[in-house]
Amino acid sequence: MTTIERPTTGTVALQSQHDARLRAWCAILLGTLLLQVLLGAANVSWLDVPGAGDSTSEPTPPWLLATHAWLGTAIVVGAIAVLVLAIRSHDRAWIVITVTGLVSVVVALASGDLFVRSHGELEAASMAMAGGAVVALAAYAGGISRRRSS
């Protein structure tokens, strides 16, 4: 006969603390991703990627493109940090949420790099960048709204 052990009060409190910390990180990443999407729109929609060859539009200011790239790198670092927290929590749902977010962010970053290197000519890279951002936004929003089922 097997017995089912109920979690102790300390275990429940620790799980609750992990959940609160993970939700806070997801909220930070969600806000940062939204800012990143706005910077991406400023880079791609209103201005022109440097070297694209369109002489009628003004090139993207270097600081705007650099800010977009640095923020993307910071988001990857944050996504790795939140994945480490999820792994430490030993909660499979959090691990799935954060792995999904990290993979999506890396896809967006790699696609953005490819888009810039193609001087804006590779539209599929732009679509993959946007798709990665949308999936990451959904993953982290799901993390914020997640409720533990115990």
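A residue is called buried when its relative accessible area is under 20%, exposed when it is over 50%, and partly exposed in between, using a 1.4 Å probe and protein chains only. By this rule Q36 counts as buried, at 13% relative accessibility. The model is predicted, so local features need pLDDT of at least 70 and side-chain atom pairs count only at pLDDT 80 or more, while totals for chains, interfaces and linings use all residues. Residues are numbered from 1 along each chain as its sequence is written, and side-chain values use heavy atoms, with hydrogens and water left out.

**The largest pocket**

- General idea: rolling a probe the size of a water molecule over the atoms shows where empty space is left.
- On a 1 Å grid over the protein atoms alone, a cavity is a set of points where a 1.4 Å probe fits but cannot get out, whereas a pocket is an open set with protein on both sides within 12 Å along at least five of seven lines; lining residues have an atom within 4 Å of a point.
- The volume of the largest pocket is about 580 Å³, where a volume is the space filled by probe spheres set on grid points that are joined across faces, edges and corners.
- The lining of the largest pocket consists of 28 residues, and those nearest its centre are Q36, G40, H68, G112 and M129.
- Two or more lining residues come from each of helix 1 (9-46), helix 2 (62-89), helix 3 (92-117) and helix 4 (123-145); helices (H or I, at least four residues) and strands (E, at least two) are DSSP runs, numbered from the N terminus.
- By class, 17 residues of this lining are nonpolar, 10 are polar and 1 is charged. Here Ala, Val, Leu, Ile, Met, Phe, Trp, Tyr, Cys and Pro count as nonpolar, Asp, Glu, Lys and Arg as charged, and the others, Gly among them, as polar.
- Q36 lies in helix 1. Leaving aside neighbours within four places in sequence, Q36 is in contact (heavy atoms within 4.5 Å) with H68, L71, G72 and I75.

**Salt bridges**

- A salt bridge is a side-chain nitrogen of Lys or Arg within 4 Å of a carboxyl oxygen of Asp or Glu, and the whole structure holds 3 of them.
- D19 and R146 form a salt bridge, with their closest N and O atoms 3.8 Å apart. This pair links distant parts of the chain, D19 in helix 1 and R146 in the segment after helix 4, 127 residues apart.
- D19 is buried, at a relative accessible area of 6%, and R146 is buried as well, at 13%.
- R146 also forms a salt bridge with D91, at 3.1 Å from N to O. R146 lies in the segment after helix 4 and D91 in the loop between helix 2 and helix 3, so this pair ties together parts that are 55 residues apart in sequence.
- Together, D19, D91 and R146 are linked in a network of salt bridges.
- R117 and D113 form a salt bridge at 2.8 Å, N to O. These two residues are separated by about one helical turn, because they are 4 residues apart in helix 3.
- R117 is exposed, with a relative accessible area of 62%, whereas D113 is partly exposed, at 38%.

**The nonpolar core**

- A nonpolar core is a set of buried Ala, Val, Leu, Ile, Met, Phe, Trp, Tyr and Cys residues joined through side-chain atoms within 4.5 Å.
- The largest nonpolar core has 23 residues, of which L22, L33, I75, W94, V105 and Y140 touch the most other members.
- Helix 1, helix 2, helix 3 and helix 4 each give two or more residues to this core, and the largest share, 9 residues, comes from helix 2.
- Not counting residues up to four places away in sequence, W94 touches D19, L22, R23, C26, A86, S89, G143 and R146.

**Individual residues**

- L137 lies in helix 4 and is buried, with a relative accessible area of 16%. Beyond residues up to four places away in sequence, L137 touches L30, L33, L34 and V37.
- H90 is in the loop between helix 2 and helix 3 and is exposed, at a relative accessible area of 70%.
- The phi of H90 is near 60 degrees, a positive value in a residue other than glycine.
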